[in-house]
Amino acid sequence: MKYSMCLSTNPAQFEAVPFKGDFRQNVQKIAEMGFDGIELAIRDPNIIDQDEIYSILEIAGMQVPAIGTGQAWGEEGLSFTDPDSKIREKAIERVLSHIDFAARTGALIIIGLLRGVVKPGVTLIDADQWLHEAFSYCCKKAALQDVCIAFEPINRYETSLLNSVRSGLKFIDEIGGENLGMLLDTFHMNIEEPSIEESIRIAGDRMFHFHYADSNRLYPGCGHIDFRSILKVLHRIDYKGFLSGEHRPDPEPALAAAQGLRYLRVLEEELEEEVVAFR
Ligand code: LER
Ligand code: MN
């Protein structure tokens, strides 16, 4: 499997991004740990030096599998389902402003928290319509530059819209388009799915990206999620994307990232040995 680690280009309140702060130094650290890539969390592509970021990543030999957009919700309250049409428009514009840099880095664009929540006074019918319109529009624009979008089901405590993998799959089927797929996150699936393995199987090749964290959102091995059986299913469905670490930075970012990566790689080695022994 290919592994990446989440890194924010700007300060952010969201706790499950292990790396924030000095960008160059963090890229260096993540590369030295043996990750294959870096998932960037970018609040606003217009406030970062895209050329500098691109060159730091290129020099470090780090691929960029995905760009997270959730900080526009977390830091600025932008969303596709806000009752204020200006806020909805701003949220759509923000996604469109990610497309050029995503195309340049070969990254897909994650839309998770940016869907928003059903706010008081808004009907589910309205929220659903706004969501469909926003996704259809963003996906069409992204397709013009061969950029993919990954929709992330998020647990019920963070949003009232589209919590389960099944509801997410139905949603992306309604929108349609080759460039729209799913992002599955073990932390959310542990809360919402009857069986994480079965949900991964159902998503199959519609799964474009994957977030890992344990049940307590610490690095893998700290909670009760069965990563061995998850890795088995990922191998079985021949998942070719990245597994991206989106977990809390405890006890310390570099230690957490390195331990999580090591835990998953050891499990993969053990599974490989099992296959060899079985032959
Ligand atoms: C939020 O909990 C999350 O998992 C992020 O990936 C959302 O964009
Ligand atoms: Mn996630």
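## Helices H1 and H2

Is the crossing of H1 and H2 right-handed or left-handed? In this predicted model, the crossing of these two helices is right-handed. Helix H1 covers residues 23-33 and helix H2 covers residues 50-60; their axes come within 10 Å and cross at roughly 25°. That angle makes H1 roughly parallel to H2, because angles under 35 degrees count as roughly parallel.

On the H1 side, the contact is made by Phe23, Arg24, Val27 and Ala31. H2 contributes Glu52, Ile53, Ile56, Leu57 and Ala60. Sorted by class, the contact of H1 with H2 has seven nonpolar residues, two charged residues and no polar ones.

## Helices H4 and H5

Helix H4 spans residues 85-105 and helix H5 spans residues 124-143. The axes of H4 and H5 come within 10 Å, with a crossing angle of roughly 20°. H4 and H5 are therefore roughly parallel to each other. The crossing of H4 with H5 is right-handed.

Which residues make the contact of H4 and H5? From H4 they are Arg88, Ile92, Val95, Leu96 and Ile99. From H5 they are Trp130, Ala134, Tyr137, Cys138, Lys141 and Ala142. Nine residues of this contact are nonpolar and two are charged, with no polar residue in it.

## Helices H9 and H10

H9 passes H10 in a right-handed crossing.

Phe227, Arg228, Leu231, Lys232 and His235 are the residues of H9 at this contact. They meet Tyr263, Leu264, Leu267, Glu268, Glu270, Leu271 and Glu274 of H10. How do the residues of the contact of H9 with H10 divide by class? Six are nonpolar, one is polar and five are charged.

## Aromatic pairs

The structure holds six aromatic pairs. One of them joins phenylalanine 80 and phenylalanine 135 in an edge-to-face arrangement, at 5.6 Å centre to centre and with 90° between the planes. The pair links distant parts of the chain, 55 residues apart: phenylalanine 80 lies in the loop between helix H3 (71-74) and helix H4, and phenylalanine 135 lies in helix H5. Both phenylalanine 80 and phenylalanine 135 are buried.

Phenylalanine 151 and phenylalanine 171 form a tilted pair, because their ring centres are 5.2 Å apart and their planes stand at 55°. Here too the pair links distant parts of the chain, with phenylalanine 151 in strand S5 (residues 149-151) and phenylalanine 171 in helix H6 (residues 165-175), 20 residues apart. Phenylalanine 151 has 0% relative accessibility and counts as buried. Phenylalanine 171, at 2% relative accessibility, counts as buried. Ring pairs link Phe80, Phe135, Phe151 and Phe171 into a cluster.

## Isoleucine 42

Where is isoleucine 42 placed? The residue sits in the loop between strand S2 (37-41) and H2. With a relative accessibility of 1%, isoleucine 42 counts as buried, because buried means under 20% relative accessible area.

Leaving out residues up to four places away in sequence, isoleucine 42 touches Thr9, Ile48, Ile67, Gly68, Thr69, Gln71, His98 and Phe101. Proline 11 and isoleucine 42 are 31 residues apart in sequence, and their C-alpha atoms are 9.8 Å apart in space.

## Backbone features

Most residues other than glycine have a negative phi, and most peptide bonds are trans. Arginine 217 has a positive phi of about 65° although it is not a glycine.

Which peptide bond is cis, with omega near 0°? The bond from aspartate 250 to proline 251 is cis.

Note on methods:
Residues are numbered from 1 along each chain as its sequence is written. Chains are lettered from A and ligands numbered from 1 in the order in which they are written. This is a predicted model: local features need pLDDT of at least 70, side-chain atom pairs count only at pLDDT 80 or more; totals for chains, interfaces and linings use all residues. Side-chain values use heavy atoms; hydrogens and water are left out. Axes are lines fitted to C-alpha atoms, for helices over the stretch in contact, and angles run from 0 to 180 degrees between N-to-C directions. Helices (H or I, at least four residues) and strands (E, at least two) are DSSP runs, numbered from the N terminus. Angles under 35 degrees count as roughly parallel, over 145 as roughly antiparallel, 65 to 115 as roughly perpendicular and the rest as oblique. A crossing is left-handed if the near helix is turned anticlockwise from the far one by less than a right angle, and right-handed if clockwise. Contact means heavy atoms within 4.5 Å. Ala, Val, Leu, Ile, Met, Phe, Trp, Tyr, Cys and Pro count as nonpolar, Asp, Glu, Lys and Arg as charged, and the others, Gly among them, as polar. Rings of Phe, Tyr and Trp (its six-membered ring) pair if their centres lie within 6.5 Å; planes under 30 degrees apart count as stacked, over 60 as edge-to-face and the rest as tilted. Buried means under 20% relative accessible area, exposed over 50%, partly exposed in between (1.4 Å probe, protein chains only).
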